[in-house]
Amino acid sequence: MSKPLLLYTAPTPNGHKVSIFLEELKAVYGDVIDYDVEKINISSNRQKEQWFIDLNPNGRIPVLVDRDHKPEPFNVFETAAILLYLARKYDTKGIFSFPVGSDDESVMLQWIFFAHGGVGPMQGQAHHFRNYAPEDIPYGKKRYIDETARLYNVLNIRLQGREYLAGPGKGKLSIADLNVLPWVRVHKHAGIDTLDAFPNTKAWVERLLARPGVQAGLQVP
């Protein structure tokens, strides 16, 4: 029997954002959040096939299909949009988000957009120039490694005296954290061997990686 949700994904930072959140939701809400997984081999460009383009015209993973949506299944693409969709529809207790329209929600959204427009694209370019570019381009490598480090320091500034990115006081775990953690945890792939220069960011990463839901999500697919 099909589960309520279907996730098309791959073992990448963007894929892990969604699988981590799904596992965190499952820990709270049980089988209401159960999901099937279909692994997409992005090296074979399966995500460029027409059936996938019909799900996401951008031809990128992940894509979430909400099979329980009425009157017909509903497709969601872009990781931040998927996280927000899941939070607003399935996190009915507001465990991982904040009241709509509140200042805390605004802060959460600011950090989601910071990661979506900054950390992911810049670190992705660092990965490319360091590991996949067909020729060695020192300028490209330095440009994006340096920018990734700068963005890690922005997180470090925000996390001074805090445990999480959004919420009053020391904050609370929210999708703002889950939206950027999968990138920062693979910092070595981006040419940043250690997070020692960013002690608040380092402690935050260690705190999140200790969570069973995060650990489970990183095993998907």
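Start by selecting helix H5, residues 138-158, where Gly140, Ile145, Glu147, Thr148, Leu151, Tyr152, Leu155 and Asn156 are buried (under 20% relative accessible area; exposed is over 50%, partly exposed is in between, with a 1.4 Å probe and protein chains only). Helices (H or I, at least four residues) and strands (E, at least two) are DSSP runs, numbered from the N terminus. This is a predicted model, so local features need pLDDT of at least 70 and side-chain atom pairs count only at pLDDT 80 or more, while totals for chains, interfaces and linings use all residues. Residues are numbered from 1 along each chain as its sequence is written, and side-chain values use heavy atoms, with hydrogens and water left out.

Now show what surrounds H5: its buried residues pack against helix H4 (103-132), helix H7 (181-184) and helix H8 (199-209).

Zoom in on Thr148 in H5. Thr148 counts as buried because its relative accessibility is 1%. Leaving out residues up to four places away in sequence, Thr148 touches Met122, Gln123, Ala126 and Ile192 (contact means heavy atoms within 4.5 Å).

To see the contact, pick Tyr152, Leu155 and Asn156 of H5 with Pro199, Asn200 and Thr201 of H8.

For another helix pair, select H3 (residues 79-90) with H4, whose axes come within 10 Å and cross at roughly 155°. H3 is therefore roughly antiparallel to H4. Here Thr79, Ala80, Leu84 and Arg88 in H3 meet Glu105, Met108, Leu109, Ile112 and His116 in H4.

Now for the core. A nonpolar core is a set of buried Ala, Val, Leu, Ile, Met, Phe, Trp, Tyr and Cys residues joined through side-chain atoms within 4.5 Å. The largest one has 57 residues, and Phe21, Leu86, Met108, Ile175 and Trp204 have the most contacts inside it. H4 gives the most to this core, with 9 residues. Click on Leu86: beyond four places in sequence, it touches Leu5, Val18, Phe21, Leu22, Leu25, Leu64 and Asp91. A second, separate core of 9 residues includes Tyr8, Ala10, Ile61 and Val65.

Hop to Ala176 in helix H6, which is buried at a relative accessible area of 0%. Neighbours within four places aside, Ala176 is in contact with Met108, Trp111, Ile112 and Leu165.

Most residues other than glycine have a negative phi, and most peptide bonds are trans. A cis peptide bond joins Lys70 and Pro71, with omega about 10°; Pro71 is in the loop between strand E3 (63-66) and strand E4 (74-77). Another cis bond joins Val220 and Pro221, with omega about 0°. For positive phi, select Asn45, near 60°, and Glu78, about 75°. Asn45 is partly exposed at 43% relative accessibility, and Glu78 is partly exposed with a relative accessible area of 33%.

Definitions and conventions. Expected span 1.5 Å × (residues − 1). Axes fitted to C-alpha atoms, helices over the stretch in contact; angles between N-to-C directions. Parallel < 35°, antiparallel > 145°, perpendicular 65-115°, else oblique.
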